[in-house]
Amino acid sequence: MFHAIEKEIDASGMKVSDEVAIQITDMNKWYGDFHVLKDINMTVNRGERIVVCGPSGSGKSTLIRCINRLEVHQKGQIIVDGTELTSDIKNIDKIRSEVGMCFQHFNLFPHLTILENSTLSPIWVRKTPKKEAEETAMHFLEKVKIPEQADKYPAQLSGGQQQRVAIARSLCMQPRIMLFDEPTSALDPEMISEVLDTMIELAEDGMTMICVTHEMGFARKVANRVIFMDQGQIVEQNDPESFFNAPKSERTQLFLSQILGH
Amino acid sequence: MSDQSYVRTEMLPEQPAPFGETGILRWVKAKFFSNVLNSITTLVMVYILYWMIAEFLHWAWQPSWGMSSRRECFDAASVTGACWGVIPERFNQLMFGFYPRFEQWRPLAAGILLFIAIAPVLFSNLPRKMLTFSLIYPFLAVWLIWGGSIWFPLMVMAGFGIGYTSLRFLTPVFGSLASIVIAVLAAIVWWLFLASPVANAIQNVIPLGLLSVKSSLLGGLMLSIIIGVAGIACSFPLGIILALGRRSDMFIVKILSVGYIEFIRGVPLITLLFVASTLLNYFLPPGTNFDLLLRVIILVTMFQAAYLAEVIRGGLAALPVGQYEAANALGLDYWKSMRLVIMPQALKISIPGIVGSFIGLFKDTTLVSIISLLDPVGFINAIRGTAEWQGILWELYVFLILMFWIFTFSMSRYSMYLERKLQTGH
């Protein structure tokens with residue numbers, strides 16, 4: 001299952017600040033009667049790169065979707081960038097424009113070109129003039145190495161290209177935090193590395209990132225903390241070195257042996 | 001080394017397809033003569049088609065265009081089929097009803113201007129400035145067709161101007177919601193209490209207008225087009241709002257939308273037309289003279305909007321939930337995400353259904369003949385009762401079919417054009 005990542009990163013070279021980006025306190029969530037997230041406590045500092053892993057149904061996607069309120073938590077507190085997430089629509093809109101998100105299935109808008117996808121939100125939410133928004137978009141499309149596709153439609157691109165566009169589209173809003181919800185799970189194996197490379201570059205630039213992923217190679221190289229979730233709870237969290245080499249809980253050991261076993 | 005080992009050293013070049021597997025020959029073979037049954041069906045169908053067309057032409061190809069009564073057709077030895085004389089003689093009525101002859105340039109002009117007004121709506125590559133005319137057109141068309149003082153439609157337009165201006169200047173002061181309410185109220189007050197006196201006052205000073213024509217004189221294909229176009233134009237936005245309402249998280253909004261849609265869909269259009277022609281008067285204050293045609297247009301719109309809402313809801317339901325999530329995650333609020341992300345896609349999916357229900361609406365306009373409006377069908381019944389054309393039937397209906405077919409077929413072709421144009425998947 002290890003994915004080869006050629007780029008070596010000196011983990012200590014990436015600075016983590018003391019400033020808190022996300023603070024989650026005693027957060028609980030239910031789907032009807034089903035208790036999905038139980039007493040989640042978590043602090044993310046600015047510049048941290050966190051990988052969340054765990055078996056399917058463990059609540060890891062739900063957790064990061066609570067951070068930009070695609071899911072609503074019922075108990076506890078989530079503070080993003082100093083703003084608490086409540087039903088107040090103003091706060092939600094503010095946080096959503098500060099927090100970028102990439103989805104497993106990219107969710108590009110198929111009726112818009114790549115460039116239009118990338119400029120939609122800056123123009124309509126940030127009120128950036130069209131020309132300026134397009135310049136910014138081209139800058140980020142160059143960063144993810146597909147400026148030549150700007151006038152194509154999403155369906156004309158490969159999965160890996162689409163996911164890189166999705167990353168660029170989020171970056172166009174100049175977010176301070178990026179959430180990744182299994183960004184490589186829907187990709188053909190040969191396209192995974194191009195997306196991971198983009199994410200690594202993003203990490204090198206100091207972006208605060210929370211990634212739900214099964215790419216353990218990525219976790220080892222980029223993350224400064226790995227969180228393991230099971231049955232809606234955080235079971236173990238540690239720096240990647242200790243997490244992979246000396247997992248403490250039995251549940252983690254079992255999970256790691258299953259995904260790394262072959 | 002085992003026998004299974006194999007390495008290709010050079011790639012094969014492309015070769016041309018075998019004879020008869022490409023082009024027209026292959027198409028004819030595949031579509032018409034692929035097997036015995038298919039071949040027999042083809043031959044039988046060709047014969048049936050030939051027979052039908054030949055019979056029709058035998059009936060239709062007659063030198064009867066100049067005949068002035070059905071009797072003349074019977075007496076003429078050269079006429080053995082259709083008696084077309086009725087069409088040129090009654091053409092004017094079939095088109096304009098009892099609209100005064102010397103004023104008929106007005107509906108004609110309104111009809112021609114209609115094409116200019118809808119062109120920029122239908123074809124996005126036309127200059128956007130043309131949309132200004134599309135906005136003015138409804139007032140212009142109403143004035144042209146019904147006539148009267150020009151100041152009245154201008155004052156109604158001024159109401160929109162007042163609303164827009166107050167919205168523009170109040171938003172920075174009171175915030176968006178309050179200023180929308182104030183703007184709407186201002187416009188309504190203007191329309192209800194001020195527009196009419198002001199229009200009359202100006203008319204007294206500068207009399208400018210056209211001969212006023214009553215709704216009861218409107219008829220023929222013109223009437224169908226008026227009801228059809230007004231119904232389509234008004235029901236489309238209403239249908240979108242109802243579809244969004246039905247999917248809303250707000251319980252009251254949702255219940256109201258569902259109730260409206262299910263009620264309207266449960267009632268036949270004819271019933272609603274009877275309501276328009278008779279019952280509605282009981283609900284209105286005595287002495288109100290509420291134009292029958294206007295009542296019909298309102299009820300046709302209400303009827304159509306309910307069906308349209310369901311068609312559009314189908315499009316909304318077909319969108320993956322990820323589209324909503326991505327729009328939200330990018331910080332777009334509800335209305336922006338609907339307008340920029342969801343609706344363009346949902347409407348595109350619903351194009352066949354939407355155009356289908358518009359075509360249905362256009363044809364349903366002939367139902368107004370039963371509440372004694374003189375649409376083409378109403379006229380055909382009237383013409384059949386006259387002494388000259390007693391009992392004539394097929395000629396008029398064939399003509400009517402052709403007229404309606406031109407409109408419905410254009411709509412259908414436009415929908416195909418639009419689908420092709422909006423095609424972005426590859």
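Residues count from 1 along each chain as its sequence is written, chains are lettered from A and ligands numbered from 1 in the order written, and side-chain values use heavy atoms, with hydrogens and water left out. Because the model is predicted, local features need pLDDT of at least 70 and side-chain atom pairs count only at pLDDT 80 or more, while totals for chains, interfaces and linings use all residues.

**Stop 1: the interface**

Show chains A and B together. Select the contact residues (heavy atoms within 4.5 Å): 25 from chain A and 20 from chain B. The buried area is about 2000 Å², with 64% from carbon and sulfur atoms. Buried area here is the accessible area (1.4 Å probe) that the two parts lose on being put together, summed over both.

Now pick A:Phe109, A:His111 and A:Trp124. In chain A these lose the most area to chain B, together 28% of what that side buries.

Next, find B:Glu325 and A:Arg65. They form a salt bridge, with the closest N and O atoms 2.5 Å apart. The rule asks for a side-chain nitrogen of Lys or Arg within 4 Å of a carboxyl oxygen of Asp or Glu. It finds one such bridge across this interface.

Seven residue pairs, both partners at pLDDT 80 or more, are in polar contact between the chains. A polar contact is a pair of N or O atoms within 3.5 Å; within protein, one must be able to donate a hydrogen and the other to accept it, and residues adjacent in sequence count only if both atoms are side-chain atoms.

Color the chain A side by element. α2 (89-98), β6 (99-102), α3 (114-124) and α5 (159-171) each give two or more residues to it. Helices (H or I, at least four residues) and strands (E, at least two) are DSSP runs, numbered from the N terminus. By class, this side has 13 nonpolar, seven polar and five charged residues. Ala, Val, Leu, Ile, Met, Phe, Trp, Tyr, Cys and Pro count as nonpolar, Asp, Glu, Lys and Arg as charged, and the others, Gly among them, as polar.

**Stop 2: the second largest pocket**

Center on B:Asp249, B:Asn328, B:Asp333, B:Tyr334 and B:Trp335. Of the 32 lining residues, these lie nearest the pocket centre. The volume is about 1400 Å³. α2 of chain A and α9 (220-246), α13 (321-329) and α14 (334-364) of chain B each give two or more lining residues.

On a 1 Å grid over the protein atoms alone, a pocket is an open set with protein on both sides within 12 Å along at least five of seven lines; a cavity is a set of points where a 1.4 Å probe fits but cannot get out; lining residues have an atom within 4 Å of a point. Grid points are joined across faces, edges and corners, and volume is the space filled by probe spheres set on the points.

**Stop 3: the cavities**

The structure holds four cavities of 30 Å³ or more. For the largest, about 80 Å³, select A:Gly100, A:Met101, A:Ser170, B:Ala329 and B:Leu330, nearest its centre among 14 lining residues.

Move to the second largest cavity, about 50 Å³. A:Lys143, A:Val144, A:Ile167, A:Leu171, A:Thr198, A:Glu201 and A:Leu202 line it. α6 of chain A gives the most, three residues.

**Stop 4: a bridge within chain A**

A:Asp205 sits in the loop between α6 and β8 (208-212), and A:Lys143 in helix α4 (residues 130-143), 62 residues apart.
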